[in-house]
Amino acid sequence: MKSRDTLIRLKRFHVDEKRRRVSQIESMIADFQRMATDLDREIEGEERKAGLSDPAHFAYPTYAKAARTRRDNLLQSAADLQGQLEDAKAALSEAFEELKKVEILEDREKATERAEMALRDQIETDRIAARMRFAAGRL
C-alpha cells in the first residue's frame, strides 16, 4: 500500500513537471510572437521615416533590415517551439494517463479492502448473534 502511495506521488510529480514544461513553452512562444509584433511596429515606423518599404532598395534603413532579420528569427524560433510544444503536450497526456491508471488501480484496491472489511464485520456480527441465540436457548 505504501509503495502504491509513493508511486502515485511520483506519477503526480511527473504530471506536474510535464504541465510546467508545456506552460513554459507556451510562454516562450507568446513572448517571441509579442517581440515579433513589436519589431513589426518598429520596422513600419522606420520605413515611414525613410519613405521606403522595399528592403532591397540601397537606401533602406539599416535598423529596419536588422529588425526584419531579428523578427524573422523570432518567428522561426516560435515555429520551432510549436513542434516542441506538441511533443510536450503528448508527454503530458501520456503522464496523465499513467497517473489515472495507477489511481484507478488504487481505487479498486481500496474498494476491495472495504468489501473485505464489511464481510469480516458481517461474519463477526453473525457469529455474535449466533452466540446470543445459543445462550438464549440455554436459559
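This is a predicted model: local features need pLDDT of at least 70, side-chain atom pairs count only at pLDDT 80 or more; totals for chains, interfaces and linings use all residues.

Residues are numbered from 1 along each chain as its sequence is written, and side-chain values use heavy atoms, with hydrogens and water left out. The protein has 2 helices and 0 strands, where helices (H or I, at least four residues) and strands (E, at least two) are DSSP runs numbered from the N terminus. Its radius of gyration is 33 Å, well over the 14 Å that the globule rule gives for 139 residues, so the protein is more spread out than a compact globule; the radius is taken over C-alpha atoms, and the rule is 2.2 Å times the number of residues to the power 0.38.

**Overall form and surface**

- Along the principal axes of the protein, the C-alpha trace spans about 120 × 20 × 15 Å.
- Buried residues account for 21% of the 139 residues, with buried meaning under 20% relative accessible area, exposed over 50%, and partly exposed in between (1.4 Å probe, protein chains only).
- Of the contacts between residues at least 6 apart in sequence, 75% join residues at least 24 apart, a contact being heavy atoms within 4.5 Å.
- The accessible surface of the protein comes to about 10,300 Å², and 55% of this area belongs to carbon and sulfur atoms; such areas come from the Shrake-Rupley method with a 1.4 Å probe, and for residues only the protein chains shown count as cover.
- The mean positions of the 28 positive and 28 negative charges are 7 Å apart, where Lys and Arg count as positive and Asp and Glu as negative, without His and the chain ends, and where each charge is placed at NZ of Lys, CZ of Arg, CG of Asp or CD of Glu.

**The largest nonpolar core**

- The largest nonpolar core holds 21 residues, of which Ile25 and Ile29 touch the most other members; a nonpolar core is a set of buried Ala, Val, Leu, Ile, Met, Phe, Trp, Tyr and Cys residues joined through side-chain atoms within 4.5 Å.
- The elements that give two or more residues to this core are helix H1 (2-50) and helix H2 (62-138), and H2 supplies the largest share, 11 residues.
- Ile25 lies in helix H1 and is buried, with a relative accessible area of 0%.
- Leaving aside neighbours within four places in sequence, Ile25 is in contact with Leu81, Gln84, Leu85 and Ala88, and its C-alpha atom is separated by 13 Å from that of Ala90, which is 65 residues away along the chain.

**Residues of helix H2**

- Leu99 is found in helix H2, where it is buried at a relative accessible area of 6%.
- Not counting residues up to four places away in sequence, Leu99 touches Ile8, Lys11, Arg12 and Val15, whereas Glu47, 52 residues apart from Leu99 in sequence, is 54 Å apart from it, C-alpha to C-alpha.
- Phe96 also has its place in helix H2, but Phe96 is partly exposed, with a relative accessible area of 33%.
- Beyond its neighbours within four places in sequence, Phe96 is in contact with Val15 and Arg19.
- The C-alpha atoms of Phe96 and Glu86, which are 10 residues apart along the chain, are separated by 15 Å.

- Arg41 has its place in helix H1 and counts as exposed, at 51% relative accessibility.
- Between the C-alpha atoms of Arg41 and Ala67, 26 residues apart along the chain, the separation is 10.0 Å.
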